[in-house]
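Hello,

Here is the structure you will be taking over. Please open it first, then read the notes that follow.

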Amino acid sequence: MSDQLVKVRDLKIGATVFPPNAKPHDIEIVHGVSFDLERGKVLGLIGESGAGKSTIGLSTMAYGRGGVRITGGEVWINGRDILQTKNADLRALRGGEVTYVSQSAAASFNPARPIVEQIVEAAVRHKKFSRSEAEKRAVELFRKLGLPEPETIGERYPHQVSGGQLQRCMTALALCPEPDLVVFDEPTTALDVTTQIDVLMAIKAAIRDTGVAALYITHDLAVVAQVSDDIMVLKLGDTVEYGSTDQIINNPQEDYTKALVSVRSIDHEEKQPTPDPLLRVENVTARYKGTKFDVLKDVNVELHPGQTLAVVGESGSGKSTLARVITGLLPQREGQITFDGRQLTPEQSARSREDLRELQMIYQMADVAMNPRQTVGTIIGRPLEFYFGVKGDEKRKKIIDLLDEIEMGKDFIDRYPAELSGGQKQRVCIARALAAKPKMIICDEVTSALDPLVADGILKLLLDLQKIENVAYLFITHDLATVKAIADSIAVMYQGQVVRYGSKSEVLAPPFDDYTDLLLSSVPEMRLGWLEDVVAHRKMESAGN
Amino acid sequence: MNLALKLVAQRLALGIILLLLVSVLIFTGTLILPGDVAQSILGQSATPEALANLREELGLNEPAVARYFDWLGGLLTGDLGTALTNGQDIASSLGTRLKNTLFLAFWAAMVSVPLAIFLGLVAVRFRDRWPDKLISGLTLSTISIPEFLIGYVLMYFVGVKLGWAPTVSTIYDSMTLVEKLNAIALPVTVLTLVVLAHMMRMTRAAILNVMQSPYIETAELKGLTMFIIIWRHAFPNSVAPIVNVVMLNLAYLVVGVVVVEVVFTYPGMGQYLVDHVSKRDLPVVQACGLIFAAVYIGLNMIADIVSILSNPRLRHPK
């Protein structure tokens with residue numbers, strides 16, 4: 001058996017698209033990509049959304065998602081071109097020789113069946129193991145992946161384990177039939193940073209111990225640098241650069257790769273607090289209706305005019321709840337909120353129109369925050385009309401001014417949201433918030449759903465607008481790199497409490513409390529060996545304690 | 001398990017309350033109908049004295065509320081009263097009829113439910129290809145033709161021309177099961193054809209809905225065959241909507257078989273009800289109405305409970 005496992009030559013992939021205002025037609029989404037993979041090696045496929053990386057990954061199983069078809073080229077696995085194989089042979093390949101780990105394990109596990117049943121299924125169906133052998137192997141994998149109660153966790157249903165645990169179960173599912181190749185498709189993207197590091201370590205150890213080869217697909221270069229031997233950078237279905245991990249990270253040749261490596265290069269000078277804060281949250285405690293559990297506990301923060309307060313935390317830390325309390329969507333149980341010198345009524349419905357106008361919000365999902373049947377002009381024009389009564393030509397002129405401000409221009413005024421890219425949609429949402437001439441905007445994970453380069457553009461725009469409009473941002477995010485880029489002050493939240501609060505330089509300087517330390521050290525760094533360093537460091541610390 | 005048990009108990013309680021409400025409705029409904037039971041028994045030529053005597057005898061002079069509770073108490077102890085027309089005990093004559101109707105409905109369900117679900121699975125497997133279109137077309141045409149027409153056509157071709165099954169479905173207690181099944185072969189076929197389309201199309205739609213889920217892709221990428229994917233991964237997640245439609249159709253099988261029973265002169269509830277409605281025999285109508293209501297409520301309650309229990313989140317809480 002040779003060392004060569006995968007050989008992809010001139011792979012072309014197409015799809016049929018159904019644009020809103022035109023006839024359905026075929027497009028090519030991958031334009032002739034070639035790569036090789038030896039047994040036991042890991043190749044990272046990296047690129048932004050639309051680069052075709054998932055599509056290429058799935059082509060090693062001769063699978064096209066939705067209307068996607070492989071239109072040309074060769075995919076050789078274990079010495080045969082799988083694009084020429086028949087149904088039964090293809091089924092033996094899928095789940096036998098090549099397996100798949102998807103981004104969302106929560107959605108990829110059948111909710112109606114116990115976990116272990118789904119894990120052993122492929123191995124048993126392909127007659128690789130008997131049922132009892134496969135179950136034994138699953139327990140072994142659970143143990144290897146660091147899951148709690150490895151003997152019995154498989155008997156649980158998917159909803160009975162946490163997201164990070166389920167992602168590890170998905171890895172066990174992929175490794176159970178002893179495949180030659182595993183396709184990891186963004187396996188840690190949906191996880192919190194502190195969970196991501198555990199899963200990443202588990203995956204890396206499992207790859208090493210089982211000697212399986214892997215295609216590791218992600219948009220996060222810092223993550224892929226930790227696990228792969230080679231990296232292929234993709235953009236819009238073309239190979240940009242293909243080389244060893246060391247070369248791509250430390251000596252990128254192409255401009256696009258350089259941009260990916262140096263992303264988050266925004267430099268933001270921290271501003272000094274003013275004597276009068278714009279927003280003052282004092283001793284705020286809140287809980288959701290019908291629960292007996294405080295999701296916010298005695299929160300105190302301040303935001304100064306024209307500045308940015310970043311609220312950082314993992315999912316469930318209460319950061320979005322804080323935004324809901326400030327906007328009045330969830331009235332607080334205790335404490336008070338002062339805005340621009342006056343106390344805000346807890347219930348949103350009781351607030352004055354001025355209060356509503358001066359406090360605007362931008363959301364994570366720009367596409368669901370806009371009415372798909374309204375044009376960009378209507379969307380941005382609505383607050384102008386509602387708050388200022390502006391109509392007709394004057395309104396149109398103001399809309400165009402706003403479009404200029406968000407660097408899009410007047411050509412977009414009659415477009416519909418469906419015709420915009422993700423970044424452009426978020427820009428329209430920013431313009432809509434700005435149209436109300438607010439003193440403060442709450443930005444709830446506004447860059448989380450965007451590709452890194454696009455997100456960078458949005459952050460730069462937000463900073464520029466802050467200079468011009470003197471608007472304050474309450475910036476909610478789980479991403480510490482974003483925080484470093486734009487914050488003036490930072491509040492770290494954990495289980496409903498602010499565990500660390502102060503100016504950016506104070507919060508990001510040691511000595512750290514345990515949680516902030518964990519959070520900061522979990523952010524992947526763009527260098528080889530970072531993962532091992534962190535893990536070694538943590539082991540040392542826990543041994544020292 | 002606690003939450004699921006609580007929900008199931010809730011459904012049961014709701015079902016019982018609903019049944020009580022229906023009994024009130026049926027009672028008042030027959031009460032406000034024009035005319036008078038005593039009058040209809042004795043006929044137009046009855047003397048006022050005779051009417052007054054009979055009213056007294058039947059307890060019609062009691063207040064309505066008292067009569068209702070009297071009736072309800074009787075129901076709970078299995079006493080449905082006596083038929084006005086022939087003076088027979090309703091419970092005993094209804095008993096055999098109900099048994100016959102349930103017998104017919106049971107066998108119709110035994111054929112139609114598995115067949116509908118199987119056809120639904122086949123339609124999903126060959127989605128938008130000829131088997132799917134054929135199944136959809138055939139079931140739609142059988143549901144579109146009135147059941148009495150299908151009944152007579154089958155009677156003529158299968159019963160008379162081919163002689164495979166009797167055209168009159170009379171059954172006795174002394175018949176063996178095989179003889180009984182042979183006797184009801186044609187009505188069962190007609191009922192199956194009538195309820196098939198609804199259940200099959202709901203199965204198809206419910207499973208297709210689930211087929212978009214990422215876990216179906218996971219199953220496909222395990223290299224499983226399409227039928228195993230549909231059966232093991234899609235079907236368990238679409239049980240709730242399917243059970244609802246199945247139960248509605250079962251209720252129809254029990255309650256709505258009047259026409260089919262008449263066509264095949266089958267001694268079931270339907271024909272019994274029709275006979276007594278035409279004679280204004282109110283106690284019988286009330287009893288039949290209540291039984292039909294109980295069947296409907298009971299089956300829908302079962303559907304609700306199965307839906308609750310089919311949800312793994314409720315069955316296995318964190």
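Helices (H or I, at least four residues) and strands (E, at least two) are DSSP runs, numbered from the N terminus. Axes are lines fitted to C-alpha atoms, for helices over the stretch in contact, and angles run from 0 to 180 degrees between N-to-C directions. Two residues are in contact if their C-beta atoms, placed from the backbone, lie within 7 Å.

Residues are numbered from 1 along each chain as its sequence is written, while chains are lettered from A and ligands numbered from 1 in the order in which they are written. Because the model is predicted, local features need pLDDT of at least 70 and side-chain atom pairs count only at pLDDT 80 or more, whereas totals for chains, interfaces and linings use all residues.

The loop between helix 18 (504-507) and helix 19 of chain A holds A:P511. A cis peptide bond, with omega about 0 degrees, joins A:P510 and A:P511.

Two strands pair if DSSP finds at least two bridges between them. Strand 16 of chain A runs parallel to strand 17 (residues 440-444) of chain A, and four bridges join them. A:Q360 stands opposite A:I441 in strand 17 of chain A.

One backbone angle is worth a look. A:D340 is in the loop between strand 14 (334-339) and strand 15 (342-343) of chain A. Its phi is near 55 degrees, a positive value in a residue other than glycine.

Chain A has another open sheet of six strands, with the order 6-7-8-3-9-10 and mixed pairing. Strand 6 (98-101) and strand 10 (238-244) of chain A stand at its edges with a single partner strand each, so one side of each is left without a neighbour in the sheet. On average, neighbouring strands here are turned by 15 degrees against each other, direction ignored. Strand 3 (residues 42-46) and strand 8 (residues 213-218) of chain A run parallel and are joined by five bridges. A:V42 has A:A214 in strand 8 of chain A as its bridge partner. Helix 6 (residues 163-175) of chain A lies across strand 6 and strand 7 (181-185) of chain A, at about 175 degrees to strand 6 of chain A.

Next, the domains. Chain A is divided into domain 1 (39-61 + 86-261) and domain 2 (279-509); such bounds come from an automatic or database domain assignment. The C-alpha centres of the two domains lie 35 Å apart. Their contact takes eight residues from domain 1 of chain A and six residues from domain 2 of chain A. On the domain 1 side, helix 7 (193-210) and helix 10 (255-261) of chain A each supply at least two residues.

In chain B, the axes of helix 5 (residues 90-125) and helix 14 (residues 269-278) come within 8 Å and cross at roughly 135 degrees. These two helices of chain B are therefore oblique to each other; angles under 35 degrees count as roughly parallel, over 145 as roughly antiparallel, 65 to 115 as roughly perpendicular and the rest as oblique. B:L94, B:R97, B:L98 and B:T101 in helix 5 of chain B meet B:M269, B:G270 and B:Y272 in helix 14 of chain B.

The contact between the chains takes 16 residues from chain B and 25 residues from chain A. On the chain B side, helix 10 (214-221) and helix 16 (312-315) of chain B give two or more residues. Helix 10 of chain B gives the most, with four residues.

Last, the confidence values. pLDDT is the predictor's confidence in each residue, from 0 to 100. Chain A averages a pLDDT of 88, and 98% of its residues score at least 70. Chain B averages a pLDDT of 85, with 97% of its residues at 70 or above. The model scores ipTM 0.77 and pTM 0.79.

Regards
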